[in-house]
Amino acid sequence: MSFTAESSQLNVQNHADGEREIPALLPRDVPGHQFVVYADCCSGVPGAKFEPNFAAVNAVVARIHPQPDFIIFPGDHILGITQDYAALRQQWNYWLQTEMKRLKKRSIEIFHTTSNHNTYDVESEQVWRDVFPEIPCNGPAGQEGLSYFVRRDDFLLVCVNTAFSGLGGNGHVEHEWLDQVLCANDDAAHKFVAGHHPVLPVNGYERYPFWRIVPNEGQAFWDILVKHHVQAYLCSHIIAFDVQAQQGVLQVCTGGAGTNYGPGGFMPGRTEYHHAVQFAVDPAGTRYQVIDTNGTVRERLEWPISLPLADEWKHVNPEEASATFGGAWDDSSHNLGDDWLCAWRISGVLHHIASGKNTQSLLCGWDDLEGAATIWIGFEGCPPVLTIKLVTESGMGTQTWTGTVLTPGEPFDFELALHSGMGPGGVLYRLDDASPWSSLQSSTSMGAENLIWPRKWYIGHSQSGISDRPFLGGNLRAAWTKRHLPTPSQSGH
């Protein structure tokens, strides 16, 4: 099932003005689907401060050629949050009839989701239903026209409501209806779910239900995504672009359609920017690229990531660590950019330890002129927690990621990866080749994209020598693999 109506159509103009076209990710003769996701402009008010930002993002979307198959807009279209419901309807009319008017001539379906600015009480929910009468009424009881699903051939999109008044408002979501829809559409090759609030905290914004779905509901919701092999959960709400993986499912947060909010106008301003996201899916998987208002590709990803089996990775002896890791990349500056991926398999036995011995090093890479280790992998705390520390940008200090809790006295064997194209979500963990990747937890807004690869390395202790935070277990072994990532034009899709 799908829907198209005049109020939900987006049209792409020809580029007689000479603006550079942005090529689609999927050639027309390749089976699959290509679409654009953007959200969070909080517009709809003539002359308001977010209107030119939204216009700039719309102008970039108009330059994509061939046009996308459809657009997904995960909420906060309008400023909303008013008790003047006549004014609310005027905002919707301005957003649909004026702000979207620039994109002309070719119709594209838009799939909208509710949000805290759009549908914040019972009356605004009814305004939403009146504005979008074409939305299928196939949602859960009480949410007809608010939550819904659409099916386009082998592509399933489920739009959930994370602000429903009947569940408590912002940051709440149901999962039983979602499970039923995914079960009924199990034959869909591509499954995506869209909603407004993130499940996983973005850039450290973890207060709930204000910034994300409450954890117990979020976990039940995520378990359903994993159970049904959903490719991604698409959301916004945080004024940022962020991607994370949990149990192989991506959370893609794209709150860049024009709202300025948070430190520096974004969350945070130093690293975020207005944008739209191009997606393509085909039998090889999912890929996207994030385009800013200059038409520049700022971030991109192909998922799932491709690595050889761990048994084929290079085993590294401690005495060879610097020679193996330090000279691994043929880049004399060791500033690798955002197109690389490396992974380690680390195994050993963690002995029972005294409570005072709380920090143990597994792997450490550094440069003499940096204050802290650039890459440090080890255990901290009691019980010991897998911890990764990175100097994400030279001179900017250490950022920390945390993962699983280890059991003293038992063997461990796991894989870690650094993906330079995933921002803070690119610090990844899994047990083995058969397990899905998950992003480790962090409050930082940067990942390995600006990391300067260190020249010196130790296995089993830190940079000051064998007595510096040594590993206190036994049978420590490390293997690794690496690769430069292809650009979309090199990917072969």
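In the predicted model, T254 is in contact with V37, Y38, A39, C235, S236, A240, F241, H275 and V277, leaving aside residues up to four places away in sequence. T254 belongs to strand β12, which spans residues 249-254. The relative accessible area of T254 is 1%; because the cut-off for a buried residue is under 20%, T254 is classed as buried. Two of the contacting residues can be described further. The side chain of H275 forms a polar contact with that of T254, at 2.8 Å. S236 lies 18 residues from T254 in sequence, and the C-alpha atoms of the two residues are 4.8 Å apart.

Helix α1 comprises residues 51-62 and helix α2 residues 85-99; their axes come within 12 Å and cross at roughly 40°. The arrangement of α1 relative to α2 is therefore oblique. The contact involves E51, F54 and N58 on the α1 side, and Y94, W95 and E99 on the α2 side. In handedness, the crossing of α1 and α2 is right-handed.

Helix α2 also packs against helix α3, which is formed by residues 122-131, at an angle of about 35° and with an axis separation of 10 Å. The residues of α2 that make this contact are Y85, L88, R89, W92 and L96, and those of α3 are E123, S124, V127, W128, D130 and V131. The crossing of α2 with α3 is right-handed.

A further element of the model is an open sheet of five strands, arranged in the order β21-β20-β19-β18-β25 with antiparallel pairing. The edge positions are taken by β21, covering residues 399-405, and β25, covering residues 456-459, each of which pairs on one side only. From one strand to the next, the twist averages 15°. Within this sheet, strand β18 (residues 359-366) and strand β19 (residues 375-380) run antiparallel and are joined by six bridges. The bridge partner of C364 in β19 is W376.

Note on methods: Residues numbered from 1 in each chain as written. Predicted model: local features only at pLDDT ≥ 70, side-chain atom pairs only at ≥ 80, totals over all residues. Heavy atoms only, no water. Pairing = 2+ DSSP bridges. Helix = DSSP H or I, 4+ residues; strand = E, 2+ residues; numbered from the N terminus. Axes fitted to C-alpha atoms, helices over the stretch in contact; angles between N-to-C directions. Buried < 20%, exposed > 50% of the residue type's maximum accessible area, 1.4 Å probe, protein only. Contact = heavy atoms within 4.5 Å. Polar contact = N/O pair within 3.5 Å; in protein donor to acceptor, adjacent residues only side chain to side chain. Parallel < 35°, antiparallel > 145°, perpendicular 65-115°, else oblique. Left-handed = near helix turned anticlockwise from the far one by under 90°.
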